[in-house]
Amino acid sequence: MANLHDLYQEILLEHNNKPRNFRKLEDANRKADGYNPLCGDQITVYLRVEDDVIADVAFQGVGCAISRASASMLTQSVKGQTVAKAEEIFDGFHSLITQPDAEVDYDLLGDLEMLSGVSAFPTRIKCAVLAWHTLNAAIEGSEDSVTTE
Ligand code: ZN
């Protein structure tokens, strides 16, 4: 049985206390809101997409340590990437946290590997993927807010 405390500690130290890119992006050209009713996590993802490249990305919101850490890592991993590459990273990350036996490209995922422990806690998976679903909605230009339910 994995220990939730260990999982928290690792993530909290790295990203929760100092979330990266935690701000409103004033010159964003895409934006989406996400909500995870199971935990109460709320997030807004801002993007500036230029020629299919995510030139800048930021987020704001309130939520648990995992949702914040995941959003923080998301901004780091997709900034400067093409939209196609960001979707590839999301696919890899999704496999990492939902299919513990899946083969994943750790070079592609970088720090996101730290969230792999979430796979042992099904209710926490929604916290971890919230920012990613919201990112997808922003990329697609969807005006509807996203919910993990
Ligand atoms: Zn949460």
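**Reading the terms of a predicted model**

Tutor: Asp52 is found in the loop that connects strand 2 and strand 3.

Student: What makes the phi of Asp52 worth noting?

Tutor: The phi of Asp52 is near 65°, a positive value in a residue other than glycine. Asn21 likewise has a positive phi, about 55°, although it is not a glycine.

Student: Where is Asn21 found, and why is it called buried or exposed?

Tutor: Asn21 belongs to the loop between helix 1 and strand 1. Its relative accessible area is 17%; buried means under 20%, so Asn21 is classed as buried.

Student: How do you know which strands stand at the edges of the sheet?

Tutor: The sheet is open, has four strands in the order 3-2-1-4, and shows mixed pairing. Strand 3 and strand 4 (146-147) each have a single partner strand, so one side of each is left without a neighbour in the sheet.

Student: Why are strand 2 and strand 3 said to pair?

Tutor: Pairing requires at least two bridges between the strands.

Student: What makes Arg23 and Asp56 a salt bridge?

Tutor: The closest N and O atoms of Asp56 and Arg23 are 3.6 Å apart. The cut-off is 4 Å between a side-chain nitrogen of Lys or Arg and a carboxyl oxygen of Asp or Glu, so the pair qualifies. Asp56 lies in strand 3 and Arg23 in the loop between helix 1 (4-16) and strand 1, 33 residues apart, and the pair thus links distant parts of the chain.

Student: Why do Asp56 and Arg23 receive their accessibility labels?

Tutor: Asp56 has a relative accessible area of 12% and is therefore buried, since the limit is under 20%. Arg23, at 33%, counts as partly exposed, because that label covers the range between 20% and 50%.

Student: Which residues are linked in a network of salt bridges, and how many salt bridges does the whole structure hold?

Tutor: Arg23, Asp56 and Lys79 are linked in such a network. A search of the whole structure finds four salt bridges.

Student: How do you know that Arg48 takes part in salt bridges?

Tutor: The closest N and O atoms of Arg48 and Asp27 are 2.9 Å apart, and for Glu50 and Arg48 the N to O value is 2.8 Å. Both values fall within 4 Å, so each pair counts as a salt bridge. Asp27 is partly exposed at 42% relative accessibility, and Glu50 is partly exposed at 40%.

Student: What makes Cys39, Asp41, Cys64 and Cys127 donors of the zinc ion?

Tutor: The donor atoms are SG of Cys39, Cys64 and Cys127 together with OD atoms of Asp41, and they lie 2.2 to 2.7 Å from the zinc ion. The limit for this metal is 2.8 Å, so these atoms count as donors. Along the chain the donors follow the spacing C-x1-D-x22-C-x62-C. Cys39, in the loop between strand 1 (30-36) and strand 2, and Cys127, in helix 5 (residues 122-140), are 88 residues apart, and this pair links distant parts of the chain.

Student: Why do Cys39 and Cys127 carry their accessibility labels?

Tutor: Cys39 has a relative accessible area of 35% and is therefore partly exposed, whereas Cys127, at 0%, counts as buried.

Student: How many cavities are counted, and what makes up the lining of the largest cavity?

Tutor: The count is one cavity of 30 Å³ or more, and the largest cavity holds about 60 Å³ of space. Strand 2 (41-50), strand 3 (53-62) and helix 2 (65-78) each supply at least two lining residues, and strand 3 gives the largest share, four residues. The lining includes Asp41, Phe59, Arg68 and Leu130. By class, the lining residues divide into five nonpolar, four polar and two charged.

Terms used: Residues are numbered from 1 along each chain as its sequence is written. This is a predicted model: local features need pLDDT of at least 70, side-chain atom pairs count only at pLDDT 80 or more; totals for chains, interfaces and linings use all residues. Side-chain values use heavy atoms; hydrogens and water are left out. On a 1 Å grid over the protein atoms alone, a cavity is a set of points where a 1.4 Å probe fits but cannot get out, and a pocket is an open set with protein on both sides within 12 Å along at least five of seven lines; lining residues have an atom within 4 Å of a point. Grid points are joined across faces, edges and corners, and a volume is the space filled by probe spheres set on the points. Ala, Val, Leu, Ile, Met, Phe, Trp, Tyr, Cys and Pro count as nonpolar, Asp, Glu, Lys and Arg as charged, and the others, Gly among them, as polar. Donors are N, O and S atoms within 2.8 Å of the metal (3.2 Å for Na, K and Ca); water is not among the atoms, so sites may look incomplete. Buried means under 20% relative accessible area, exposed over 50%, partly exposed in between (1.4 Å probe, protein chains only).
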